[in-house]
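Hello,

Here is the structure we talked about passing on. Please open it alongside this email; my notes follow below.

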Amino acid sequence: MNWIQALKMALKSIASNKIRSALTMLGIIIGVCSVIIMVSIVEGNTKQITERLKNMGTNLINLNIIGRGSTRRISESDLFKFAEENSDLIECVAPSVSGSVTVKAGNKNVTTSLEGTNEAYESVRNTKVEKGRFLNALDVERRQKVVLIGTYIEKELFDSMDAIGQQIKINGDIYTVVGVLEAKSNSSEGSEDNKVIIPYTTAKRLLRNAIVRSYSIQAKTPETVNAAMKALESFLYKTFNNDSSYRVFNQADMLEQVNEMTQSLSLMLGGIAGISLIVGGIGIMNIMLVSVTERTREIGIRKAIGAKRRDILTQFLIEAIVVSCIGGMVGVILGIVLTGVVGKAMSIPASPSIISMIISFSFSVFVGVFFGYYPASKASKLNPIQALRVE
Amino acid sequence: MIRINNMYKIYRMGPNEVRALNGVSFHVKPNEFVSIIGPSGSGKSTLMNMIGCLDTPTSGEYYLDGREVSKLKDDELAEIRNRKIGFIFQVYNLLPKITAIENVELPLIYMGIGKKERHRLAVEALERVGLGDRIHHRPSELSGGQQQRVAIARALASKPPLILADEPTGALDSKSGSEIMKMLHELHESGKTIVLITHDNNLAKQAQRIIRIQDGKIIEENEVA
């Protein structure tokens, strides 16, 4: 008996038990589908975060002042002075004050994130201006009420109107729009394009925030990043006399951390989804065992008229594999569709991961072989006389 | 065709042993029509299993078509059953979910015969039993007599030299039963060796020779006049 013949027999037998076969497949379908969705969502999320980090510019060092364990403080001017003294290592420093605000123009208002900074931000954070101008030193010095808006805000508040020169209210104060930031992603609500930038001196007042706790520092070149970090750390240590009051990290470290985190997340979620595949496999084994018992007489007849052990084994094994293969294929298709749906719902740019498809599909085939073998071998070892005696 | 020498089949059930076959010896010539008759519990079924190569004896020799088969392995026995023996059972033993022709093709599939040839042989066998117009019917759509004829077609399809019929008319009304018996005679005339297992004296008398078995032993062997 050849494989094609066995395949035909398996398909016939599956078709004659449609509901049961469909229910058996369901376990595999759900397993494969959830593996694909989980892995794709995590991968999409990682891509989004990585892109954001890359958008923030290279040579970037982040400094957070925690202020714990020390009564000493450090001000913007201290850091500007330090940067000037180390101008061979450090290009510039952009302070950052941030908060959540409501911006209003006419009768439309939007809740957005506000960042207060200085003119250095443009190059430090790799931010480009699409229309108008960026902040300048004078804006910062004079605490001007000027604002740059992201493309999402532009779209929401001004639609097709020219935003430059218009006035908007931020938490009730009137600001003049001097520029529109270039879109960093798709101008959607959850993206980086939903933000406004004002001078940090103005922001400190608006947000009632006396101390700047976050700085972005640009090293001269990628090669000086490490030296700059060392100089910065020793400067901070001298000021605070301990190393728990501040945190210095660069973009590469962050990328690495994010990657590590999402990788383990992807493995974990994929693993959990994989367990459902195994459960699906147990379902297959269960049904195949029932099927063998039910079809004892059929097996007896087949053996009596000349089926060898191998023939029976092949027949039942192929039946299990076909069930799991069809389940796997349906699961892959469903996974692709649902990844799009879930990704959209969570506004994550998730595209179905090919590797997760290949792995989960082959795993489902393996599950079919593994859990189908025992019932099939049980069937093949049935004694024809006893099998024929069963009613 | 069949030569059985001193065959024993002993089942152990705890401390007791049951001698289902207790030293059976007989032979069947090619193209002979033999009945094996005996009451239930006589070892008749066990003997049929032995002749049909469905089971192996505890001891003794069994030559089928010149070959010693009593000590073969499962898969070798399967091949013998496939090529040498056509089975006709009391309860037909057709697969209910497939059509008549698919049932008849089954032994040919296990023989490894190609699709076209298989179809040709199956149609030929079904026509021979007079069911050429019902090849795509399922067993449930056929009467008992027709089902038994499908079973005969299945037994014939692979052209085995030996037909082993176990109470072939037991589940049928007398009219269908006599049709089936007529068919067995036709097969006999066409050159097949027929072994009929029954408990019915009248049926047994239709054979050329009657072998009477009781308590695992042959008690009588008669040529029918």
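In strand 9 of chain B, B:I210 is the bridge partner of B:S35. Keep in mind that this is a predicted model.

Look for B:Q214, which stands opposite B:K217 in strand 10 of chain B. Strands 9 and 10 of chain B form a hairpin with two residues between the strands. In that hairpin, B:D215 takes a positive phi near 50°.

Now chain B as a whole. It has seven helices and 10 strands. Its C-alpha trace spans about 50 × 40 × 35 Å along the principal axes. The radius of gyration of chain B is 17 Å, which agrees with the value near 17 Å for a compact globule of 225 residues. Of those 225 residues, 46% count as buried.

Next, the cores. The largest nonpolar core has 115 residues. Within this core, B:A153 and B:V195 have the most contacts. Helix 2 (residues 18-55) of chain A gives the most to this core, with 12 residues. A second, separate core has 29 residues, including A:Y175, A:V177, A:I198 and A:Y200.

Which residues does B:V195 contact, leaving aside its neighbours within four places in sequence? They are B:V28, B:V34, B:I36, B:I51, B:L162 and B:L164.

Last, where the chains meet. On chain B, 20 residues are in contact with 17 residues of chain A. Two elements give two or more residues to this side of chain B: helix 2 (74-84) and helix 3 (100-111) of chain B. Helix 2 of chain B supplies the largest share, six residues. How do the residues on the side of chain B that touches chain A divide into nonpolar, polar and charged? Nine are nonpolar, four polar and seven charged.

Best wishes

Note on methods. Residues numbered from 1 in each chain as written. Chains lettered and ligands numbered in written order. Predicted model: local features only at pLDDT ≥ 70, side-chain atom pairs only at ≥ 80, totals over all residues. Core = buried A, V, L, I, M, F, W, Y, C linked by C-beta atoms within 7 Å. Buried ≥ 20, exposed ≤ 12 C-beta atoms within 10 Å, placed from the backbone. Helix = DSSP H or I, 4+ residues; strand = E, 2+ residues; numbered from the N terminus. Contact = placed C-beta atoms within 7 Å. Pairing = 2+ DSSP bridges. Nonpolar A, V, L, I, M, F, W, Y, C, P; charged D, E, K, R; others polar. Rg over C-alpha atoms; globule rule 2.2 N^0.38 Å.
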